[in-house]
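User: I'm new to this one. Can you walk me through it?
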Amino acid sequence: MTKKVLNYNTKTKKVSSLGSIKVFGGRNFMNCKELTECIIPETVTDMSGYGIFQNADLYKAIIPKNVTSLGFMVFGGNKNLKYIIFEPTTPPTLNGNLSISNAECLIYVPDESLEAYKTATNWSN
């Protein structure tokens, strides 16, 4: 079971440290009205569904190299998300799709992994 870290938090603008959690999700960051930047900690290996969900001002997310799994709608409802930086060289298993609400959102992956991301299951959606 995951803990709702900043669910409905109205003051936090940037998250860059969450301690030593390994599983992130279950609406950890949902409706955080002021959240603009989310840097997931290196300790996280699994981002379950609805992890970063419906944050009106979120424009940037960084996913660390140790993440191996992404759940359904992990980025759902973030209408102003401008870019996501994925650090894993092996594409994380994607259960469903990223559910990015902003069609202009840019996704960055390591140069040496571009082809792997393009051909990984569910990543072309």
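User: Which residue forms a salt bridge with Lys118?
Analyst: Glu115 does. The closest N and O atoms of Lys118 and Glu115 are 3.6 Å apart. Keep in mind that this is a predicted model.

User: Where do Lys118 and Glu115 sit?
Analyst: Lys118 and Glu115 are in helix α1, which covers residues 114-119. The two are 3 residues apart, so about one helical turn separates them.

User: And Glu115, buried or exposed?
Analyst: Exposed. Its relative accessibility is 51%, and the cut-off for exposed is over 50%. Lys118 is partly exposed, with a relative accessible area of 48%.

User: How many salt bridges are there in the whole structure?
Analyst: A search finds 2. Glu37 and Lys60 form a salt bridge as well. In that pair the closest N and O atoms are 3.3 Å apart.

User: Where are Glu37 and Lys60 in the chain?
Analyst: Glu37 lies in strand β4 and Lys60 in strand β7. They are 23 residues apart, so this pair links distant parts of the chain.

User: Is Glu37 buried or exposed?
Analyst: Buried, at 11% relative accessibility. Lys60 is buried too, with a relative accessible area of 16%. Both count as buried because the cut-off is under 20%.

User: What about the strands themselves? In which sense do β4 and β7 pair?
Analyst: Parallel, over 3 bridges. Across that pairing, Ile39 stands opposite Ile62 in β7.

User: What else is in β4? Where is Cys38?
Analyst: Cys38 is found in β4, which spans residues 37-39. Cys38 counts as buried, at 1% relative accessibility. Cys38 and Lys60 are 22 residues apart in sequence. In space, their C-alpha atoms are 6.4 Å apart.

User: Back to β7. Which residues point which way?
Analyst: Lys60 and Ile62 point one way. Ala61 and Ile63 point the other way. All four residues are buried.

User: How many bridges join β7 to β9?
Analyst: There are 4, and the two strands run parallel.

User: Now the core. Which residues touch the most other members of the largest nonpolar core?
Analyst: Met47, Phe75 and Phe86 do. That core holds 24 residues. β7 (60-63) and β9 (83-86) each supply at least two residues of this core.

User: Let's zoom out. How many helices and strands does the protein have?
Analyst: There are 1 helix and 11 strands.

User: In what order do the elements run?
Analyst: From the N terminus on, the order is β-β-β-β-β-β-β-β-β-β-β-α.

User: What share of the residues is buried?
Analyst: Of the 125 residues in the protein, 41% count as buried.

User: And the surface, how much is there?
Analyst: The accessible surface comes to about 6,600 Å². Carbon and sulfur atoms account for 51% of that surface.

User: Last one. What share of contacts joins residues at least 24 apart?
Analyst: It is 36%. That share is taken among contacts between residues at least 6 apart in sequence.

Conventions. Residues numbered from 1 in each chain as written. Predicted model: local features only at pLDDT ≥ 70, side-chain atom pairs only at ≥ 80, totals over all residues. Heavy atoms only, no water. Buried < 20%, exposed > 50% of the residue type's maximum accessible area, 1.4 Å probe, protein only. Core = buried A, V, L, I, M, F, W, Y, C linked by side-chain atoms within 4.5 Å. Salt bridge = Lys/Arg side-chain N within 4 Å of Asp/Glu carboxyl O. Contact = heavy atoms within 4.5 Å. Areas by Shrake-Rupley, 256 points an atom, 1.4 Å probe, with all protein chains shown as cover. Pairing = 2+ DSSP bridges.
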